[in-house]
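Please look at the chain below and follow it slowly from one end to the other, keeping the sequence beside the picture as you read.

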Amino acid sequence: MSNVSSIMNAKSTSEDINTGLDEGFRKDISKTLSETLSESYRLMVKSHIYHWNVVGPLFKPLHELTEEHYKDLFEAIDVIAERVRALGNVAPYNINNASTFAPEGKDVENLTAIDMVQDLIAEHEAIARKMRDAAETAGDNKDVVTEDLMTARLTFHEKAIWMLRATASE
């Protein structure tokens, strides 16, 4: 069997990866990325639900902004999952907790546009804090790819927070 054939037929394991990152770190950062992916998925679903259900004077700007956000989040989720795979780990595949993705508290039909904005801001801020920690950990471990990914996602979330606050300001 040629070297290429044996490589193609061999089952790859996380231990086989030799890109300069410690296996333990790759597992730990993959877990953090998987949590971030889950929280991003939740925010995407929530943004989409609010997109459909917002009413009142903020309808148009919030309807458009949440559409931009859920589309961006959908693409980001794929990128984060692919990073987990590149680190040699399995991307999340179990969504047993999907019922928690829906907005908490009041029923959506009882939420005002301001309630929705405040909820979205809190979600973006929580993810931003987690991503900032992940970026710092990645940088400390010379994982510049994950650090750059988290930095790019932080840029999105901080801009989203700013735009949501500006949309709801009086």
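This is a predicted model: local features need pLDDT of at least 70, side-chain atom pairs count only at pLDDT 80 or more; totals for chains, interfaces and linings use all residues.

Residues are numbered from 1 along each chain as its sequence is written, and side-chain values use heavy atoms, with hydrogens and water left out.

The protein chain has five helices and zero strands, where helices (H or I, at least four residues) and strands (E, at least two) are DSSP runs numbered from the N terminus. Read along the sequence, this gives the pattern α-α-α-α-α. Of the 170 residues in the protein chain, 38% are buried; here buried means under 20% relative accessible area, exposed means over 50%, and partly exposed lies in between, with a 1.4 Å probe and protein chains only. Among the contacts in the protein chain with a separation of 6 or more, 82% are between residues 24 or more positions apart, and a contact means heavy atoms within 4.5 Å.

Let us start with helix H2 (23-53). H2 has 31 residues and reaches 45 Å from its first C-alpha to its last, close to the expected 45 Å, the expected span being 1.5 Å times one less than the number of residues. At the start of H2, a side-chain oxygen of Asp-22 comes to within 3.0 Å of the backbone nitrogen of Gly-24. Further along, Ile-49 is found in H2 and counts as buried because its relative accessible area is 17%. Ile-49 and Tyr-70 are 21 residues apart in sequence, yet their C-alpha atoms are 9.6 Å apart in space.

Tyr-70 is one of the buried residues of H3, which also include Leu-62, Leu-65, His-69, Leu-73, Ala-76, Ile-80 and Arg-83. What covers the buried residues of H3 includes H2, H4 and helix H5 (144-168). H3 itself has 28 residues and reaches 40 Å from its first C-alpha to its last, close to the 40 Å expected.

How do H3 and H5 lie relative to each other, roughly parallel or roughly antiparallel? Their axes come within 11 Å and cross at roughly 170°, where axes are lines fitted to C-alpha atoms, for helices over the stretch in contact, and angles run from 0 to 180 degrees between N-to-C directions. H3 is therefore roughly antiparallel to H5, since angles under 35 degrees count as roughly parallel, over 145 as roughly antiparallel, 65 to 115 as roughly perpendicular and the rest as oblique. The contact is made by residues including Leu-65, Leu-73 and Ile-80 of H3 and Leu-149, Phe-156 and Leu-164 of H5. The residues of this contact divide into 13 nonpolar, four polar and three charged, where Ala, Val, Leu, Ile, Met, Phe, Trp, Tyr, Cys and Pro count as nonpolar, Asp, Glu, Lys and Arg as charged, and the others, Gly among them, as polar.

After H3 comes Gly-88, whose phi is positive, near 90°. Asn-89 lies in the loop between helix H3 (59-86) and helix H4 (113-140), and Asn-89 is buried, with a relative accessible area of 13%. The side chain of Asn-89 reaches the backbone oxygen of Arg-26 at 3.4 Å.

In H4 you will find Thr-137, which counts as partly exposed because its relative accessibility is 37%. Leaving aside its neighbours within four places in sequence, Thr-137 is in contact with Phe-25 and Ile-29.

The loop between H4 and H5 holds Lys-142 and Asp-143. Most residues other than glycine have a negative phi, but Lys-142 has a positive phi of about 60° although it is not a glycine. Beyond its neighbours within four places in sequence, Asp-143 is in contact with residues including Phe-25, Ile-29 and Arg-83.

Definitions and conventions: A polar contact is a pair of N or O atoms within 3.5 Å; within protein, one must be able to donate a hydrogen and the other to accept it, and residues adjacent in sequence count only if both atoms are side-chain atoms.
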